[in-house]
Amino acid sequence: MRAVRYHEYGGPEVLRVEEVDDPTPGEGELLVRATATGVNYFEVQVRAGVTPDPLGLPLPHTPGIEVAGTVAAVGPGVETRRIGERVVGTVASGSYAELVRIPAAAAVPLDDRLGEHQALALLGQGATAVGLIEAAEIGPEDTVLVEAAGGGIGTLLIQLAKRAGARVVAGASGTAKRQLAADLGADATVDYTRPGWTEEAGPVSVVLETVGGQTAREAYSLLTKPRARMVVFGSASGVAVEISSEQLLPVGASLIPFSLGYRPQRWPELARRAEDLTVRGELTPVIGTVLPLTEAATAHRAFEDRTAIGKTILTP
């Protein structure tokens with residue numbers, strides 16, 4: 001089969017499509033013939049060497065944690081009736097490939113009302129977005145700053161925050177992303193990569209923080225309303241969120257860390273809620289780019305160039 005691998009950490013060019021042996025499903029596993037694979041910024045950071053591989057896997061390595069496709073074979077302990085089933089699910093790594101091993105428990109039947117691209121957009125990012133809105137306890141009295149508003153999670157957060165009745169300020173780089181945010185319902189948009197953006201953004205009661213570094217410190221300074229809080233769920237800049245005591249004490253806003261990785265039992269519930277909202281027409285996943293597996297480097301480069309919009313998907 002063909003798989004995307006990298007033999008060293010570096011730029012997008014280290015990604016290569018190679019012929020490798022077909023995998024064999026182990027105990028409790030399915031072998032899925034992939035028809036679509038989700039691309040996530042975390043994979044870009046690991047490939048670039050910005051973020052350590054949490055699994056400590058040796059090189060060469062095949063990235064990817066999301067896959068949709070058809071079950072081609074099953075391992076011991078899995079009922080053969082699952083062969084031929086269309087599924088969507090997550091793996092620890094290795095989904096940038098034509099064939100993917102996946103724990104049977106992590107593969108759920110594909111909801112035909114959504115389609116595989118929408119299902120992939122909601123699998124991890126939809127669950128995260130629903131969980132973030134819940135963790136932030138967003139309501140009609142809030143003004144919410146959504147960072148990285150043009151991305152897969154950000155585009156969902158705009159819609160969910162508006163659904164909760166909040167006023168939304170969307171932070172995004174570039175005209176296209178700001179226009180997309182406005183089209184999705186954002187009340188105002190700002191380019192947080194430009195100097196002085198905080199003056200344009202104005203005071204807010206909630207920051208949904210995923211950039212880190214200087215952007216996080218500047219966003220924190222906007223939290224001047226009662227019950228102000230920042231929910232931290234990423235550091236796309238590669239620099240962690242660091243709020244000094246000199247800034248923390250005068251502002252007095254709550255800092256709330258958010259990670260579904262520590263509560264995996266919540267993923268199915270939150271993903272189902274995102275799917276239900278989509279089926280009812282209350283949430284629209286934005287599918288930005290669909291590329292063949294051979295153009296995985298192009299997909300990664302778009303993330304690094306800040307041109308990726310919505311969910312990026314690879315197709316074998």
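Helices here are DSSP runs of H or I with at least four residues, and strands are runs of E with at least two, numbered from the N terminus.

This is a predicted model, where local features need pLDDT of at least 70, side-chain atom pairs count only at pLDDT 80 or more, and totals for chains, interfaces and linings use all residues. Residues are numbered from 1 along each chain as its sequence is written, and side-chain values use heavy atoms, with hydrogens and water left out.

Let's check the length of helix 4 (residues 152–163). Just after helix 4, Gly165 has a positive phi of about 95 degrees.

## Arg229: a buried arginine

Arg229 is found in strand 12 (residues 229–232). Arg229 counts as buried because its relative accessibility is 4%. A polar atom of the Arg229 side chain lies 2.9 Å from the backbone oxygen of Ala136. Leaving aside neighbours within four places in sequence, Arg229 is in contact (heavy atoms within 4.5 Å) with residues including Glu137, Asp142 and Ser205.

## Where helices 2 and 3 meet

Ala121, Leu122 and Leu123 in helix 2 meet Gln125, Gly126 and Ala127 in helix 3.

Key: Buried means under 20% relative accessible area, exposed over 50%, partly exposed in between (1.4 Å probe, protein chains only). A polar contact is a pair of N or O atoms within 3.5 Å; within protein, one must be able to donate a hydrogen and the other to accept it, and residues adjacent in sequence count only if both atoms are side-chain atoms.
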